[in-house]
Structure formats: C-alpha cells, structure tokens
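Subject: Structure handover and what was found in it

Dear colleague,

Please find below the structure that I promised to pass on, with the findings set out after it. I would be glad if you read the notes with the model open beside them.

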Amino acid sequence: MNLEKVIFGFFIVLAATLNFGFFVGDIDNPTHHHVYELFAAIVVNLIATVLKFGDRTQIGAVHLATSLVADLQLIAAGIIWAVAVHVTGEGMTASTTSSVVSLAGGAMLANLVSVILLVVETALMRR
C-alpha cells in the first residue's frame with residue numbers, strides 16, 4: 001500500500017463529502033448551510049488541489065482541472081457569503097443563500113468527476 005496514494009484518495013473523497021454535506025438542504029434556507037462547513041470544504045479542496053500538482057499524465061491534468069473548478073466555485077461562494085454578511089449587512093437572504101448553494105453544487109459536481117476519475121484510474125491499474 002502506497003501512503004501517498006492513500007492520502008491523495010483520502011483528500012479527494014473528503015473534499016467531495018464535505019462539499020456534499022454543505023450542499024444538502026433547502027437551497028434558499030440559510031439554516032441548512034453552515035459557514036464552517038463551507039470553510040472546511042474550501043480548505044480541504046485547496047489541500048486536494050496541492051496534492052494534484054506534479055502528476056504529468058492526462059488523467060492528472062483532468063484531476064487538477066476538476067479541483068481548480070471546485071476551488072474557484074467554492075471561493076466564489078465564500079466571497080458571496082462574506083460580502084452579504086460583512087459588507088452589505090443584509091445577511092443571508094434566500095437569494096444570497098441560493099447563489100452560495102448553487103456555486104457549491106457546481107463544485108460538488110467537479111468533485112464527483114474527480115472521484116469518478118480516481119475510481120476509474122484505480123480500476124485500470126495493473127499489478
């Protein structure tokens with residue numbers, strides 16, 4: 001068992017599950033989506049992105065691309081949340097929450113693609 005591959009797989013799956021945990025709930029209800037879940041999803045996705053650097057294969061490039069998409073969407077969701085709460089002062093309205101959750105849903109889709117690639121890559125490995 002290769003520890004590097006275990007850690008890589010762990011962070012890819014953890015990023016997807018944290019993202020899913022934030023996404024689940026009514027899209028416009030801010031009480032169903034906690035800011036710390038979004039923060040955890042952002043941090044773990046950034047760690048997963050760093051772990052994907054250095055792989056020079058085509059699958060590695062797609063892994064990195066999916067991770068960058070997820071990072072971009074989660075960071076945008078975090079910025080929208082921060083602006084709504086701390087800059088405008090209006091708080092998390094139904095409209096703002098819908099925007100944040102929609103972006104997190106896009107990131108979740110990117111993470112799902114990454115998990116599928118990991119499973120396919122693992123299934124194709126020959127001993």
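The model is a predicted one, in which local features need pLDDT of at least 70 and side-chain atom pairs count only at pLDDT 80 or more, whereas totals for chains, interfaces and linings use all residues. Residues are numbered from 1 along each chain as its sequence is written, and side-chain values use heavy atoms, with hydrogens and water left out.

Overall picture

The protein has 4 helices and 0 strands, and along the sequence the pattern reads α-α-α-α; here helices (H or I, at least four residues) and strands (E, at least two) are DSSP runs, numbered from the N terminus. Its C-alpha atoms fill a box of roughly 55 × 25 × 20 Å along the principal axes. Of the 127 residues, 35% count as buried, where buried means under 20% relative accessible area, exposed means over 50%, and partly exposed lies in between (1.4 Å probe, protein chains only). Among contacts (heavy atoms within 4.5 Å) with a separation of 6 or more, 66% come from residues 24 or more positions apart.

The largest pocket

The largest pocket has a volume of about 590 Å³ and is lined by 19 residues, of which K5, F8, L118, E121 and M125 lie nearest its centre. The elements that each give two or more residues to this lining are α1, α2, α3 (58–87) and α4 (94–124), and α1 gives the most, with 6 residues. By type, the lining divides into 7 nonpolar, 5 polar and 7 charged residues. A pocket here is an open set of points on a 1 Å grid over the protein atoms alone, where a 1.4 Å probe fits, with protein on both sides within 12 Å along at least five of seven lines, and lining residues have an atom within 4 Å of a point. Grid points are joined across faces, edges and corners, and the volume is the space filled by probe spheres set on the points.

Aromatic pairs

The whole structure holds 2 aromatic pairs, meaning rings of Phe, Tyr and Trp (its six-membered ring) with centres within 6.5 Å, where planes under 30 degrees apart count as stacked, over 60 as edge-to-face and the rest as tilted. The rings of F10 and F11 are edge-to-face, because their centres lie 5.2 Å apart and their planes stand at 85°; F10 is partly exposed at 48% relative accessibility, whereas F11 is buried at 18%. F22 is buried at 0%, and W81 is buried at 12%.

Two buried residues

H63, in helix α3, is buried at 1% relative accessible area and, leaving aside neighbours within four places in sequence, is in contact with F8, I12, K52, S114, L117, L118 and E121. T49, in helix α2, is buried at 4%, and, with neighbours within four places again left aside, T49 is in contact with L64, S67, L68 and D71.

With best wishes

Key: Nonpolar A, V, L, I, M, F, W, Y, C, P; charged D, E, K, R; others polar.
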